[in-house]
Amino acid sequence: GLGYGGNTKAAIIRIGLKEMQKFCNVFYGDRKIKDETFLESCGVADLVTTCFGGRNRKCADIFAKNIAAGTPKAWDVIEAEELNGQKL
């Protein structure tokens, strides 16, 4: 959305995966979630899908481009214009 290269995007995704692991350890640590779980569909695959597709990425792209252009749009306006009645 803001023109960053592949390495920057990969670094952000890696940070996101680490945040998911930390969240699970903090809030669900008693369940002994295995690190391998995050390499399954419920982990890195969902993270990649979220980052590169879907309405959340689409709306975040529009939001960021408008901020960068100095013409910010509110989330509810972006939803109304782009999501045909769906919500984030």
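Q: In which helix is K65 found?
A: This is a predicted model. At 44% relative accessibility, K65 counts as partly exposed, because that value falls between the 20% and 50% cut-offs. The helix that holds K65 is α3.

Q: What distance separates the C-alpha atoms of K65 and G3?
A: Along the chain, K65 and G3 are 62 residues apart.

Q: Is N66 buried or exposed?
A: N66 lies in helix α3, which covers residues 54-68. Its relative accessible area is 15%. Buried means under 20%, so N66 is buried.

Q: Which residues does N66 touch, not counting residues up to four places away in sequence?
A: Contact here means heavy atoms within 4.5 Å. With residues up to four places away left out, N66 touches T71, P72 and K73.

Q: Is N56 buried, partly exposed or exposed?
A: N56 lies in helix α3. Its relative accessible area is 42%. Buried requires under 20% and exposed requires over 50%, so N56 is partly exposed.

Q: How far apart in space are N56 and I67, C-alpha to C-alpha?
A: In sequence, N56 and I67 are 11 residues apart. From C-alpha to C-alpha, N56 and I67 are 16 Å apart.

Q: Which residues of α3 and α4 make the contact?
A: α3 passes α4 in a right-handed crossing. The residues of this contact divide into six nonpolar, no polar and two charged. From α3 come K58, C59, A60, I62 and F63, and from α4 come W75, I78 and E82.

Q: Which five residues form the largest nonpolar core?
A: Nonpolar side chains tend to be buried together in soluble globular proteins. Helix α1, residues 6-28, gives the largest share of this core, three residues. The five residues are I13, L17, C24, F38 and L47.

Q: Which residues does I13 touch, not counting residues up to four places away in sequence?
A: I13 belongs to the largest nonpolar core. I13 is also one of the α1 residues that meet α2. Leaving out residues up to four places away, I13 touches L47, C51 and F52.

Q: How are α1 and α2 oriented to each other?
A: Helix α2 covers residues 41-52. α1 and α2 pack at an angle of about 135 degrees, with their axes 10 Å apart. An angle over 145 would count as roughly antiparallel; α1 and α2 are therefore oblique.

Q: Which residues of α2 meet α1?
A: The crossing of α1 and α2 is right-handed. The residues of this contact divide into eight nonpolar, two polar and one charged. K9, I13, G16, L17 and M20 in α1 meet these residues in α2: C42, G43, V44, L47, C51 and F52.

Q: What is the phi of K32?
A: K32 lies in the loop between α1 and α2. K32 is exposed, with a relative accessible area of 68%. K32 is not a glycine, yet its phi is positive, about 55 degrees.

Q: Is N84 buried or exposed?
A: N84 is placed in the segment after α4. Its phi is positive, about 50 degrees, although N84 is not a glycine. The relative accessible area is 77%. Exposed means over 50%, so N84 is exposed.

How values were computed
Residues are numbered from 1 along each chain as its sequence is written. This is a predicted model: local features need pLDDT of at least 70, side-chain atom pairs count only at pLDDT 80 or more; totals for chains, interfaces and linings use all residues. Side-chain values use heavy atoms; hydrogens and water are left out. A nonpolar core is a set of buried Ala, Val, Leu, Ile, Met, Phe, Trp, Tyr and Cys residues joined through side-chain atoms within 4.5 Å. Buried means under 20% relative accessible area, exposed over 50%, partly exposed in between (1.4 Å probe, protein chains only). Helices (H or I, at least four residues) and strands (E, at least two) are DSSP runs, numbered from the N terminus. Axes are lines fitted to C-alpha atoms, for helices over the stretch in contact, and angles run from 0 to 180 degrees between N-to-C directions. Angles under 35 degrees count as roughly parallel, over 145 as roughly antiparallel, 65 to 115 as roughly perpendicular and the rest as oblique. A crossing is left-handed if the near helix is turned anticlockwise from the far one by less than a right angle, and right-handed if clockwise. Ala, Val, Leu, Ile, Met, Phe, Trp, Tyr, Cys and Pro count as nonpolar, Asp, Glu, Lys and Arg as charged, and the others, Gly among them, as polar.
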